[in-house]
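Please consult the sequence and the structure alongside the text.

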Amino acid sequence: MKRRDIIKFFSAAPLTGGIIGAILPYGPVKAEPAPPKEKRDLIKELGLRTFINAAGTYTTMTASLMHEEVLDAINSSAKEFIMLDEVHDKVGEKIAALCKCESAMVTSGCWSALVLGTAGVLTGMDEKKIAMLPNVESLEKNEVIVQKGHNHDYIHALTNTGIKPVEVESAEDLQKAIGSKTALMYFLNESAPHGKIMHEEWIAVAKKNNIPTIIDIAADVPPVENLWKYTQIGFDLVCVSGGKAIRGPQSAGLLLGKKEHIAASRLNGPPRGGNIGRGMKVNKEEMFGMYAALDKFVHLDHEKEWKMWEDRIAVIENAAKKVKGVTTEVIVPPIANHTPALKISWDVNQVKISRKDLQDKLRKGTPSIEVMGSEDNIINITVFMLKPGQEKIVAGRINEELMKASV
Ligand SMILES: *Cc1c(COP(=O)(O)O)cnc(C)c1O
C-alpha cells in the first residue's frame, strides 16, 4: 500500500489493534491479556465473621449491602479528581429532581443531615455565625421546639449544634413555647404516634409563625413516596438515611428541602473548615454511590419487591410453623422499616430454648445468621436484607434448632 492508500484505508476501516499491528511495522503490539489476579480476600485475612442478615438495617450489623451499580458508581468516581463543590452541586441537583424537592445534599448519614440542617437554619449564610457554633448563646434564635414524645436519642444530633431543646406536649404548650428565640421546629416521624400534634398541625403553626421545620424520616422508606411526601406537605428540611432500605453507602444520607437552607447547611461542612460539620465529610465516592443507589431505588418495581419479601416470609414462616408449639405472625410496621416482618414465638413448655440461646445457635451455625429478638421466647425476622435464596437457609436453620429443642 502507498502512504495515501494507507490513510484512506484507515479512515474507512475500524481502528482495531489487530489491523494496525498487521500493517504498521512499528504499530502497537497487542498486549497479552494479563493473567487474572487472585483477589485479596480481606474478610478472610482479618478473620472476620460474615453472616446472613435476617435482622434488619442495624448500624451494628453494617446495615445494608450496596448493589453492583452503586459499587460501579463509587469505583468510577474513585479514579479521578473532581472539585468537591462541583460534585455537591451536580449530585445535589440530580437527587433533588429524584426526590421532587427544591434542593438536596448528600450528608454522612441521616444523623449529620439533622446536624447540618439545624446548623444551616441557625447560621444562614453568615460566616461569623458559622464559626461560632456550637456556642449559640449570643445568637438571637437558639431554641428548637420538640414534642415530648419525640424528644429522645436523636435529639442529640440537634443539640450538637448548641441549641436548647424546648419540650412541648399540647397545642397550647406549643403556642406558649414559640417566641423570639425559636429557631426551628423538629419532628421525628417514627414518633408521630407518641406525640399529640401531627404533621399538618405542626407545619401550620410553624408557617403561621414563620419558623422553619425539620423532620427525621431516616428509616421511613419504603414507601418510596415518602421521599417527596414530607417536603410536599411543607417541611422545610427532610433528613433520610442513605444506607438503610435505599442501600446507598452506609455512611451516607440525604438532606432534602428548601434551597436557602441547603445552601446554608453546605456552608457548615466540608470542603470549608472551621465549622461544626468539618468532621462529617462526604467525598465524591459516597455522593456518586448515594445518587446511583437512590436512582435505582426510585425506579424499582416496588410492588414486585414487596411480593418477593412476602414470598420469603412465607418460606420461613412455613418452616417454623411445622414445629409443635410454635406460632408465627406477619407484621408490617406502619412507619420505620415498613416491610413485612415475621414474629416467631414458642411455648417454652414444648420448645425448651431461650431466645438468647436460639440467637446464639443461629449465630454460631454455618452459615452464621443474625435475627432480632424481643421477649424470652420471641425472635423477629426481616427479609429485605437477605440475598436471593438465603430465606431457605434461614428457614431450614430455624426449623432445625426449634426441632432440636422440642420435647
Ligand atoms: C437510623 C436512624 C438515624 C440515623 O441515621 P444514620 O443514617 O445512621 O445517620 C436517625 N434517626 C432515625 C429515626 C433512625 O432510624
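Helices and strands are DSSP runs, of at least four residues for helices and at least two for strands, numbered from the N terminus. In these terms, aspartate 220 falls in the loop that joins strand 6 (213–216) to helix 11. The model is predicted. Its secondary structure amounts to 16 helices and 13 strands.

**Overall architecture**

- The C-alpha trace spans about 95 × 70 × 40 Å along its principal axes.
- The protein has 407 residues, of which 48% count as buried.
- Among contacts with a separation of 6 or more, 69% are between residues 24 or more positions apart.

**Aspartate 220**

- Aspartate 220 is buried but takes part in no salt bridge. Lysine 244, the nearest side chain of opposite charge, is 7.7 Å away.
- A polar atom of the aspartate 220 side chain lies 3.2 Å from the backbone nitrogen of alanine 336.
- Leaving aside residues up to four places away in sequence, aspartate 220 touches Asn189, Glu190, Asn226, Ile335 and Ala336.

**Helix 5**

- Helix 5 comprises residues 84–98 and reaches 21 Å from its first C-alpha to its last, close to the 21 Å expected for its 15 residues.
- Its buried residues are Leu84, Val87, His88, Val91, Gly92, Ile95, Ala96 and Leu98. These residues lie on the same side of helix 5 because they cover an arc of only 150° around the axis.
- That buried set packs against strand 2 (103–107), helix 11 (226–232), strand 8 (253–257), helix 12 (259–267) and helix 13 (284–299).
- Lysine 100, which follows helix 5, has a positive phi near 50°.

**Salt bridges**

- The count comes to 17 salt bridges.
- Glutamate 169 pairs with lysine 196 in a salt bridge, with the closest N and O atoms 3.6 Å apart. Glutamate 169 lies in the loop between strand 4 and helix 9 and lysine 196 in the loop between strand 5 and helix 10, so the pair ties together parts 27 residues apart in sequence. Glutamate 169 is partly exposed, whereas lysine 196 is exposed.
- Glutamate 370 and arginine 363 form a salt bridge at 2.7 Å, N to O. Glutamate 370 counts as buried and arginine 363 as partly exposed.
- Within helix 16 (residues 390–404), glutamate 400 and arginine 397 are three residues apart, about one turn of the helix. Their side chains meet in a salt bridge at 3.2 Å, N to O.
- A network of salt bridges links Asp85, Asp89, Arg266 and Arg272.

Notes. Residues numbered from 1 in each chain as written. Predicted model: local features only at pLDDT ≥ 70, side-chain atom pairs only at ≥ 80, totals over all residues. Heavy atoms only, no water. Expected span 1.5 Å × (residues − 1). Buried < 20%, exposed > 50% of the residue type's maximum accessible area, 1.4 Å probe, protein only. Arc of directions from axis to C-beta. Contact = heavy atoms within 4.5 Å. Lys, Arg positive; Asp, Glu negative; His and termini not counted. Salt bridge = Lys/Arg side-chain N within 4 Å of Asp/Glu carboxyl O. Polar contact = N/O pair within 3.5 Å; in protein donor to acceptor, adjacent residues only side chain to side chain.
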